[in-house]
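User: I am new to this structure. Can you take me through its features one at a time?
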Amino acid sequence: MLIVGIGGTTRPGSTSELAVATALAAAQRKGADTRHFGGTYLASLPHYTPENPARTAAQHELVETVRHADGLIIATPGYHGGISALVKNALDLLEDLRTDTSPYFTGRAVGCIVTAAGWQACGTTLTSLRSVVHAMRGWPTPLGVTLNTAATPPFGRDGACTGPAADRLTGLANQVLSFATCHASGPRDPATAPTA
Ligand SMILES: Cc1cc2nc3c(=O)[nH]c(=O)nc-3n(C[C@H](O)[C@H](O)[C@H](O)COP(=O)(O)O)c2cc1C
């Protein structure tokens with residue numbers, strides 16, 4: 001079982017990055033393999049170019065890894081009420097999965113996380129992220145996690161997450177895993193399932 005995390009900023013101590021790491025650690029404790037594309041990695045990706053199919057090694061790696069993922073966890077900071085450009089650029093690159101047998105996130109659960117300095121951007125950005133996941137044929141988990149970083153700091157100086165935030169991130173990871181387990185033996189897209 002491979003769970004892929006996408007999210008973070010280039011800022012040291014990035015809360016969105018720590019949130020993905022916390023959720024992936026919970027998935028690992030349940031036996032999953034994980035891969036995290038964090039802020040530094042995302043910043044190394046060139047702007048997505050729809051007209052030019054040439055890709056860097058990092059772009060190829062991200063696309064290939066998501067192609068083989070059994071579930072995903074995506075986190076973005078709320079930037080001006082929406083998804084950060086860094087995260088959106090990575091999601092736009094996944095257009096390269098459009099012609100796959102299971103395009104984009106087909107048949108995969110996607111846990112969505114937002115960190116922002118206020119509840120308003122937490123809400124609007126989570127809705128945006130879930131809309132993108134729907135557009136990419138993924139299944140946003142029932143639980144979406146929003147962390148207001150200006151209210152109660154969810155992470156300690158050592159990056160550790162405890163308390164209710166940790167419980168919610170673990171719950172989100174568990175939902176991604178349980179969906180992946182349910183779908184492990186069947187086709188990713190029920191519409192393509194053979195009929196009797
Ligand atoms: C360019 C920029 C725009 C932001 N816009 C908002 C916003 O509209 N609403 C909000 O609540 N916080 C906003 N923030 C605060 C971030 O969402 C918040 O600090 C977040 O936790 C940063 O994520 P990080 O810790 O992963 O870097 C903004 C921060 C930056 C740098």
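User: Is arginine 137 exposed, partly exposed or buried, and what is its relative accessible area?

Analyst: This is a predicted model. Arginine 137 has a relative accessible area of 47%, so it counts as partly exposed. The residue is found in the loop between helix 5 and strand 6 (139–140).

User: What is the phi of arginine 137?

Analyst: Most residues other than glycine have a negative phi. Arginine 137 is not a glycine, yet its phi is positive, about 65°. Histidine 80 also has a positive phi, near 50°. Histidine 80 sits in the loop between strand 3 and strand 4 (82–83). Its relative accessible area is 88%, so histidine 80 is exposed.

User: Which residues have the most contacts inside the largest nonpolar core?

Analyst: In soluble globular proteins, nonpolar side chains tend to be buried together. Here the largest nonpolar core has 30 residues, and Ile6, Leu62, Val66, Leu94 and Phe105 have the most contacts inside it. Elements supplying at least two residues each include strand 1 (2–7), helix 3 (57–67) and helix 5 (119–135). A second, separate core has 22 residues, among them Ala27, Val145, Cys161 and Leu177.

User: Which residues lie nearest the centre of the largest pocket?

Analyst: Rolling a probe the size of a water molecule over the atoms shows where empty space is left. The largest pocket has a volume of about 180 Å³. Its lining has 13 residues, with Thr152, Pro153, Pro154, Ala165 and Arg168 nearest the centre. Helix 6 gives the most to this lining, 4 residues. By type, the lining holds 7 nonpolar, 5 polar and 1 charged.

Note on methods:
Residues numbered from 1 in each chain as written. Predicted model: local features only at pLDDT ≥ 70, side-chain atom pairs only at ≥ 80, totals over all residues. Heavy atoms only, no water. Core = buried A, V, L, I, M, F, W, Y, C linked by side-chain atoms within 4.5 Å. Buried < 20%, exposed > 50% of the residue type's maximum accessible area, 1.4 Å probe, protein only. 1 Å grid on protein atoms, 1.4 Å probe; cavity = no way out; pocket = protein on both sides within 12 Å on 5 of 7 lines; lining within 4 Å. Points joined across faces, edges and corners; volume = space filled by probe spheres on them. Nonpolar A, V, L, I, M, F, W, Y, C, P; charged D, E, K, R; others polar.
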